[in-house]
Amino acid sequence: MSEYEYVEKTPLRLKSDSGIKKKKKKHKNEKKLLEQVSKVAEVAEEEKQNKPTELKQTNAELAFQKMQEKMQKERILQKASMTHKQRVEEFNRHLDSLTEHFDIPKVSWTK
């Protein structure tokens, strides 16, 4: 006879399945909570309607925005001052001035 012949072959039963069931608690305050939530939503909607939609910027925000626009204009003018060919030539001159220390070594799987 095998060791496994006396093993019980029915599925395991957990303690909670033994017939003891917990009662669900009833929420007594559900109606009150729903009323409060609806009141809060109404108040929020009223505040939205009463507030002006325009937000005024502070002096610092205005100064920051002006500087951003100025810097953007300068970048555009700088890029427009040279053609693509001139930019490539300048970049090549810059690369020629660098030492070989900064060159990327050739990576090959075959050699």
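Is Glu-45 buried or exposed? Glu-45 counts as exposed, because its relative accessibility is 51% (exposed means over 50%, buried under 20% and partly exposed in between, with a 1.4 Å probe and protein chains only). This is a predicted model, where local features need pLDDT of at least 70 and side-chain atom pairs count only at pLDDT 80 or more, while totals for chains, interfaces and linings use all residues. Residues are numbered from 1 along each chain as its sequence is written, and side-chain values use heavy atoms, leaving out hydrogens and water.

**View 1. The whole chain, for orientation.** Here you have three helices and zero strands (DSSP runs numbered from the N terminus: H or I of at least four residues for helices, E of at least two for strands). Of the 111 residues in the chain, 0% are buried.

**View 2. Glu-45 and its helix.** Look for Glu-45 in helix α1, which covers residues 30-50.

**View 3. Met-82 in a loop.** Met-82 sits in the loop between α2 (59-81) and α3 (84-97). Its relative accessibility is 25%, so Met-82 counts as partly exposed. Skipping neighbours within four places in sequence, Met-82 is in contact with Arg-87 and Glu-90 (contact means heavy atoms within 4.5 Å).

View 4. Phe-91 belongs to helix α3.
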